[in-house]
Amino acid sequence: MNNWILQTEGLTKKLGGKAVVNDLNLKMEKGDIYGFLGPNGAGKTTTIRMLLGLAKPTQGRIRIFGKDMQKERMAVLRKVGSLVEYPSYYGHLNAIENLEAVRRLLGVPKSRIDEVLSVVRLTKDAKRPVKGYSLGMKQRLGIATALLGQPELLVLDEPTNGLDPAGILEIRELIKSLPREQGVTILISSHLLSEIEQMATRVGIITKGRMIFQDSIDTLRERAQSKIRIGVSDPEAAWKQLLAGGYQADWDRRKLTIDRAPNETVAAMIASLVKHNFSVYRVEEEGASLEDIFLDLTGGEGSL
Amino acid sequence: MIMRVMAAELLKIRRKMIWFLVVLGPLGVVGLQAVNFGLRYDYLTKQYANDLWGGLINNVTMMMVPTLFMGLAILASMTAGIEHQTNAWKQTLALPITRTQVFTGKFLLSVLLLFCSSTLLIVGTVGLGAALGFDLGDVPYKHLLELIYYPYLAIMPFIALQVWLSVLMHNQAIPLTVGIVGTVFSMFSNRFDDWMPYKWPYLDNAADNPLFSVAAGVVTGIVVLAAGTLNFVRKDVK
């Protein structure tokens with residue numbers, strides 16, 4: 001046995017002969033806020049559909065709570081709440097009736113409706129038809145619906161899609177508070193790294209159906225170590241000079257950079273450049289953002 | 001479990017004009033017969049002098065079958081449309097209920113709504129007869145119930161078919177076209193032999209036993225429902 005709350009093994013989905021999701025091994029631990037990142041069309045939603053049993057995998061296995069999804073779908077889904085892409089709602093009904101329709105299927109006590117409404121702060125508008133709601137309110141109702149069955153795993157696909165900054169902030173705060181207050185594990189997908197960065201504890205990055213990075217957010221941040229860029233006359237010659245002097249330096253035909261190093265080492269490097277008659281224009285720290293890494297990992301085609 | 005599904009389905013059709021349609025169907029049939037008998041009262045009461053109630057019931061059921069064909073197509077489309085509108089399928093199917101239950105729920109909802117319509121038609125027919133001054137003591141209840149519930153049972157394959165089409169297709173124009181063309185087609189179905197399903201609800205068969213039509217309808221209805229369920233269970237949800 002392992003302690004993964006959700007685990008996929010070689011998950012593959014082919015649509016029209018093309019692998020939309022390819023050999024995906026996703027792993028989530030209890031209590032994680034797992035940020036599932038990737039550019040549009042990378043296969044995020046397809047993966048989530050398979051996790052929820054809405055689509056059948058071409059190959060591979062899904063285990064949730066240690067149970068095989070194919071065989072024990074009902075038992076698994078009882079403890080999973082979901083919001084896939086844009087929210088589903090019945091526009092002609094009000095929020096309470098919407099939740100009641102789902103509640104009748106789940107068979108949870110009626111008091112849950114008031115509880116989840118207060119979690120997403122919709123109590124005041126609960127008696128209005130949902131078609132008059134703003135997108136942010138509909139998203140919150142979607143999250144309330146997902147929370148109704150007291151799930152242990154919450155799957156949210158792009159919950160901030162199409163929201164304005166205030167709405168995004170609101171949803172983000174709500175999601176961040178959930179593991180604390182409701183004790184759920186959350187899988188949240190997005191194509192916005194900046195979003196995930198502020199919520200997730202663990203990150204999986206997918207592009208063209210393949211998982212290219214999966215680790216804690218801190219490991220991803222470590223990759224974002226800053227570099228020091230040196231502006232210098234004749235950088236190529238300067239680079240060779242630094243290498244000859246036994247220092248680490250990189251020259252990518254545009255800029256000369258050195259990895260982060262102790263102050264003395266940097267000073268010594270500059271001194272050696274000056275000594276060999278290079279004109280040093282700038283010595284500047286270049287902080288690589290997570291977005292650069294994301295673009296780098298996804299091959300630069302990701303929309304951010 | 002299926003009771004829970006039905007409870008949820010009944011909640012979802014609130015404020016959707018669906019109940020209005022359920023009433024409108026029988027009301028329309030009774031209303032047209034009221035006009036028919038109102039305008040030609042003397043002629044018709046003379047013609048049916050021996051069996052006033054029987055004449056009325058025959059006139060009602062003649063109009064009822066096409067109305068039933070039309071109504072079931074519209075109801076199936078409207079009840080499926082509730083899910084299509086905001087693609088609520090993905091929410092419903094990610095809940096811990098089987099797809100068989102979801103599909104059967106939609107089917108049973110249409111069956112239930114049409115049962116209400118049929119029952120209202122019985123009430124309406126008796127009411128119309130009374131209003132026309134027919135003797136309420138003479139109502140041939142067995143005959144009346146048979147002539148209304150038998151077509152309702154014989155039309156099961158088409159309820160299953162329309163629910164299947166409406167659930168499967170996002171674009172409701174196709175199931176509705178099938179339903180409307182089917183309604184018109186059914187009116188000419190007496191040209192065919194007894195194998196023709198569109199003929200069954202008219203209870204017209206060579207053996208002259210309406211129960212044959214009912215049996216064929218119910219059995220075929222179960223087969224179509226099973227086929228639709230199988231198809232729905234395998235389908236990936238968008």
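This is a predicted model: local features need pLDDT of at least 70, side-chain atom pairs count only at pLDDT 80 or more; totals for chains, interfaces and linings use all residues.
In which helix of chain B is B:Val184 found? Let me begin there: B:Val184 is found in helix H9 of chain B, which covers residues 173–187, where helices are DSSP runs (H or I) of at least four residues and strands are runs (E) of at least two, all numbered from the N terminus. Residues are numbered from 1 along each chain as its sequence is written, chains are lettered from A and ligands numbered from 1 in the order in which they are written, and side-chain values use heavy atoms, with hydrogens and water left out.

Back to chain B. B:Val184 is partly exposed, with a relative accessible area of 43%; here buried means under 20%, exposed over 50%, and partly exposed in between, with a 1.4 Å probe and protein chains only. Together with B:Ile180, B:Met187 and B:Phe188, B:Val184 makes a nonpolar surface patch of about 360 Å². For such patches, residues must have over 30% relative accessible area and no salt bridge, with like charges joined within 9 Å and nonpolar side chains (Val, Leu, Ile, Met, Phe, Trp, Tyr) within 5 Å, and the areas come from the Shrake-Rupley method with a 1.4 Å probe, only the protein chains shown counting as cover for residues.

B:Ser189 sits in the loop between H9 and helix H10 (210–234) of chain B, and B:Ser189 is buried at a relative accessible area of 1%. The side chain of B:Ser189 reaches the backbone oxygen of B:Ser186 at 2.6 Å. Setting aside neighbours within four places in sequence, B:Ser189 is in contact (heavy atoms within 4.5 Å) with B:Met196, B:Tyr198, B:Lys199 and B:Tyr202.

Now to the charged pairs. A search of the whole structure finds 25 salt bridges over all chains, each being a side-chain nitrogen of Lys or Arg within 4 Å of a carboxyl oxygen of Asp or Glu. One of them joins the side chains of B:Arg14 and A:Glu97 at 3.0 Å, N to O. That pair crosses between chains, from B:Arg14 in the loop between helix H1 (2–12) and helix H2 (18–39) of chain B to A:Glu97 in helix H3 of chain A. B:Arg14 is partly exposed at 37%, whereas A:Glu97 counts as buried at 10%.

Within chain A, A:Arg140 and A:Glu170 meet in a salt bridge at 3.2 Å, N to O. A:Arg140 lies in helix H5 (residues 135–147) and A:Glu170 in helix H6 (residues 165–182), so the pair ties together parts that are 30 residues apart in sequence. Here A:Arg140 is buried, at 10% relative accessible area, and A:Glu170 is partly exposed, at 29%.

What is the place of A:Ala126 in chain A? A:Ala126 is in the loop between helix H4 (111–119) and H5, and A:Ala126 counts as buried at 3% relative accessibility. A:Ala126 and A:Asn94 are 32 residues apart in sequence and 6.3 Å apart in space, C-alpha to C-alpha. Beyond neighbours within four places in sequence, the contacts of A:Ala126 include A:Ile96, A:Leu117 and A:Tyr133.

I will finish with the domains of chain A. An automatic or database domain assignment gives the bounds: chain A is divided into domain 1 (4–222) and domain 2 (227–287), whose centres, taken over C-alpha atoms, are separated by 47 Å.

Methods
A polar contact is a pair of N or O atoms within 3.5 Å; within protein, one must be able to donate a hydrogen and the other to accept it, and residues adjacent in sequence count only if both atoms are side-chain atoms.
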